[in-house]
Each structure stands twice: as C-alpha cells, then as structure tokens.
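Subject: Structure handover and findings

Hello,

Here is the structure you asked to take over.

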Amino acid sequence: MGDKFTPNDHSTAPHIPSGLPSELWAIVQSAPATFPPQHFLDVSRNLLENPNLTASHLARAELSYESFNDATFNPEATTPEALASIVKHLRPDCRPRLESGIEGYKLEWTVVRKLIPRNPKLDESLMQTCHLYTSTAQISITSSTGQQETVESERYLVIYIPHVSTPDQVPFYHPAVRALGILYTYLPSFDSASTITTSLGTLSIHYSLFPSQPLDNRLTRTALKLCEIIHKHARGRAAGYKKRVHHDQIIPQKQYQDTYAYLKGKYAKRLIEEWVEQTPPEKHVFEDLGIAAFLMELWIDMYSKPEKKEEDKMRGAKVNFPGFVDIGCGNGLLVYILLAEGWTGWGFDARRRKTWDTFGPEHADKLKEMLLIPSVLQSSDEEPLRHAPPSHDGVFPAGTFIISNHADELTPWTPLLASLSDSPFIAIPCCSHDFGGTRFRAPVHKKYIFEDPNATGKEKNKQPSAYAGLCSWVSHLTEQTRFKVEKEHLRIPSTRNIAILGRQSMAESPERTIAEKLDFARWLVEQEAGSSTTVEQVRLMWLSSGGELVKPGKGGH
C-alpha cells in the first residue's frame, strides 16, 4: 500500500482530516503513500525552482524572496500586519501573501516566486507565494485487530497563493483557484522498542476556490496530475533515486531560456513556414534555435568584460569575438541565426542545401560548399576528387570558435582541428565515425561514462550505449589534445543533446609548435586507428568517404 499510485477522487465525496476549514478549502484528490516526510519536503523544495516538473507550459521559477535567507524572518508572524513589517523592504508585487484560516499549523518557511512560461508571448508570468506549514494532531484509526486507536499524525502542508484577485487573472498553466494546498499526512506506527514498524500516509490536493469559479473537470484533472507527479518523485527519492542528468552546468538556466524565448519568438514561425528541405522543419528550427541561444550566452560569458553592465555585455562580447566557423554546417540554419544576431562567422559543408538560397545574399555568401581534408592528411601528390568542391585544410585563424554540430565524419577531428588552430570549440556528437570517415562503434572510455547512481544488479554491468561511447571517445580526444573537458546536456529537442567543449588548455601543458602539433595529431590518428594503420591509409579512406559525401542525392541534415 502506498507504493503504487492509487488515487481517490474527492470532488464528489470530500472527507479527510486536514485541519483546513471546509468552508474555505475543498479536498479534490488523495492517494495513499508510505514514504517518510523528508522525501515529501525534498520534492516540495525542488518544485519551488522547477515548476516545469508539474506544468509543462512553464520554463522555470525565479525566486524573489526566500525566508531561508532572511535573518529577520519570524515564523510566528501569522498575521498580515506582522508579516508586512518583516518584508516591507520588498517591492509590493514581491511581498508574500499570508493565508488565513490555518489553525493549528506552524509556519516554517515562505517563498515568493515568479512563474516563467515557456512561451512568454502567449502566457503571462505569475507571482506566487509559497508557504510550508507543519502540525501534529491526534487521529483515530482502526488497527489490524479491528480496535480503534489514537495515534499522533504529522502533517506537512504546502500552500501556493497566486497574486491575483479574480480567476480571470490566472494564466492558463495554473489552476484558476484562490489558493492550492498540498498536504502530506504521516502516521508512523511504533513497536515496544520505539522502532517504526509500519507507516500510513496520505498525499492530498486541496483547493480554496473563487466564489465565481466552481470545481470543474479541468480543475479535478489538474489536481490528479499534480498528486501523481509529487507521489512519483517522493517515492523515487524513498527508493534511492538520484538525478541522472544535470542541465545548466555552464550557462545558467535563466540566461539560456530567456535568450531561447527571444530567438524563438523572432525566428521560429517564419523559418518553419519557409522551410524547403524534405526534413521536418520543427525539429531543425527549434533545435538550432536552442543551440544558438546556448552559444550566444557562452560567447557573452567568454568574450565580455565581467565588470560591464548587463546591457553592455553582448555589445562588448561582439567587439572582442574572434569569429566562428561551423564545420559540416548542413542546412546552414545555425549559421544564419548567429549571423542575423550580429555574430561574425561562416560555415561550410561538402554539399549545398536548398535552404542556403532562402537566407538572402547577405547571409548565403557566408555558406561555402567545401570538403574538409585535414592538414594532417594532406599530401602534395594527391589527385583531386572527381566532381568534388574546393577543399579546406581545417586550419583556421587563431582563436576562431569552431562549431561541430552533428558533423558526423568531422566529429572526431574537431578537437584536433581546434588544437592546430589554437581555437576553442563545441562538439555535439550524433553519428559515430572513425578518422577515416567510416561508420563504427566508438571505443568506450570509462573516465567519461556517466555512472548511473540508480543502477542495481545487472544494470551496473550494462554496456554503455553507442552514443554514450561516442561522447566518451570525443571527450578522450579532447583531453588528448590538451583541452580541459567540459560537458553540458543541452536543452534542445534531440536525444543527441550532449555538448563537449574545449575552451581552456590544461595549465600544466607546455606550448607546442605547429610542427609538434602536426606530429602529435598524426600519432594520435594512427593510435586511434589501431592495427598498424598508417596516416596514409587513413588519408585514402578519408578521400574515399569524401567522394561519397559529394555524390548527388546524398542525405544529411
């Protein structure tokens, strides 16, 4: 009991002991639960900054007031006047609202947050007060022997209060209620040694309704979904689950999402309507807008002076920006977006795409039909490929930021090209190819394989996926070329969303001449190719695969 989510709909038969006045609060949904209260509290704290876990239309929450960090906060301030005296230094819209009628509960903490929608052009943001109240109460239950027993329950009540006065002011993504309550009631049972032997718990959702907005089917379904998600997350924590993927390790969530929302509003509709490729436009447009948002914020961080004001940072970054090159740029969409936003650079690919002609001459001439033949593989007596476009040796002006976005055959070469050019880079791997351009399963480097903290039994010895292996190999190559390895799980609509960055040389590495770098690159290529394969053999394989790339009708992004 309590492990499986088995909800009870109380919208037609409300009854559960909560301590909340029935004239103000209506219970809507409940479910048995047996996880300890701490896991409910942990989930409640996590939801403060991540409301997107329970509402898909939300991007995040911005916390404007937290009583945890307020030395003047007094939990005994249970009247509007007392609370107002504590938070009078805050802007009026950021001041917490106190909920009335919570008799028998103690206020533990208060947070005021701003809910940020994914689509700010469609939905308004919403200020909201969040309180945690706790209490204990004597509750009568029926024991396993059929006898009535009185036990002391622990109650944990989280209340969300939107800063609105009518239901019409509540955005679509939030229930149109005056306040929302999430209650966890916990009944531990002890043996003679004061050890918990069993426990009964109930998770329930309560609404304080507007008089003009009665409980309807949509409000009931919203409460059910909220109850289910909180139950799932708390039960997962009780089972030892730990978060596997950590976003926003390099760029803060707010910066990224604000820039993404700006780009999406400015470009998405037109780019989707004007799409001329056979590939699905939504996938490519939203994916490249997300990558562009990440790169723009990354470059502002890298090339602007820290002491500059926020509004001057982008201008300063563009002045200091050394330019970018997108190798294997495919449809050219990422290049177009970055150029349109004022970042200097260009891109090339072995084959032209129809999309290039839709960007206008001022951007189309920044997209080149070129085949990359790395300088490591150059030979003075090589014969030109039939029907091949001009070639590039992969050596760029020092500092040029190299973008390798799903560049397939060029992915393993990216760290080597960056090393030869003294350039930072980002690689977003997709399909696995060796240095000769042939599809293969990349070798696994355990140092860069994510160890799933939730794995048990056979799962611990499970072979990493081909994609995980590819990312570990690219990370290994990044380290071999003396870059500090940085990784980020990008917030883009793709399962191939791991970005590997090389921005900083390792401090202990002595400077190498270009000749030394070339010698090392040749050694590394042969080392990775294995089986006594020489650079000359890799060159022939690369030219062969390059010939395939430029054949008419060849697919690609």
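Which residues are exposed on the other side of H6? They are Glu-311, Arg-315 and Val-319. Before going further, please note that this is a predicted model.

**Helix H6**

Helix H6 covers residues 310–320, and its buried residues are Lys-313, Gly-316 and Ala-317. Looking down the axis of H6, you will find these buried residues within an arc of 105°, so they line one face of the helix. What they pack against is helix H5, residues 281–303. H5 comes up again below.

**The sheet**

There is an open sheet of seven strands with mixed pairing, in the order S11-S10-S9-S14-S15-S17-S16. The edges are taken by strand S11 (367–369) and strand S16 (483–489); each has a single partner strand, so one side of each is left without a neighbour in the sheet. On average, neighbouring strands are turned by 20° against each other, direction ignored.

At one end of that order, strand S10 (residues 345–349) pairs with S11 in the parallel sense, over three bridges. Within this pair, Asp-349 has Glu-369 of S11 as its bridge partner.

H5 touches strand S9 (324–327), strand S14 (401–405), strand S15 (425–428), S16 and strand S17 (498–505). The direction of H5 makes about 160° with that of S14. Helix H10 (residues 466–480) also packs on the sheet, where it touches S15, S16 and S17. The direction of H10 makes about 5° with that of S17.

**The nonpolar cores**

Which residues touch the most other members of the largest nonpolar core? Out of its 44 residues, these are Leu-295, Trp-299, Phe-324, Leu-338 and Phe-401. Helix H4 (253–273), H5, helix H7 (333–340), S14, S15 and S17 each supply at least two residues of this core. H5 gives the most, with twelve residues.

Leaving out residues up to four places away in sequence, Trp-299 touches Ser-304, Ala-317, Phe-321, Phe-324, Leu-338, Trp-343, Phe-401 and Ile-403. Ala-317 in that list is one of the buried residues of H6.

A second, separate core has 41 residues, among them Ile-327, Ala-407, Leu-470 and Ile-498. The general background here is that in soluble globular proteins, nonpolar side chains tend to be buried together.

**Salt bridges**

How many salt bridges does the count come to? It comes to 20 salt bridges. A few of them are described here.

- Lys-225 and Glu-228 meet through their side chains at 4.0 Å, N to O. Both lie in helix H3 (residues 217–238), three residues apart, which is about one turn of the helix. Lys-225 is partly exposed, at a relative accessible area of 46%, and Glu-228 also counts as partly exposed, at 33%.
- Glu-273 and Lys-269 form a salt bridge at 2.7 Å, N to O. They are four residues apart in helix H4, so about one helical turn separates them. Glu-273 and Lys-269 are both exposed.
- Arg-352 and Asp-357 form a salt bridge at 2.8 Å, N to O. Arg-352 counts as partly exposed, with 38% relative accessibility. Asp-357 has a relative accessible area of 58% and is exposed.

Salt bridges that share partners also join Arg-60, Glu-62, Lys-254 and Asp-258 into one network. Lys-254 is in helix H4 and counts as partly exposed, at 39% relative accessibility. Not counting residues up to four places away in sequence, Lys-254 touches Arg-60 and Glu-62.

Regards

Definitions and conventions
Residues numbered from 1 in each chain as written. Predicted model: local features only at pLDDT ≥ 70, side-chain atom pairs only at ≥ 80, totals over all residues. Heavy atoms only, no water. Buried < 20%, exposed > 50% of the residue type's maximum accessible area, 1.4 Å probe, protein only. Arc of directions from axis to C-beta. Contact = heavy atoms within 4.5 Å. Pairing = 2+ DSSP bridges. Axes fitted to C-alpha atoms, helices over the stretch in contact; angles between N-to-C directions. Core = buried A, V, L, I, M, F, W, Y, C linked by side-chain atoms within 4.5 Å.
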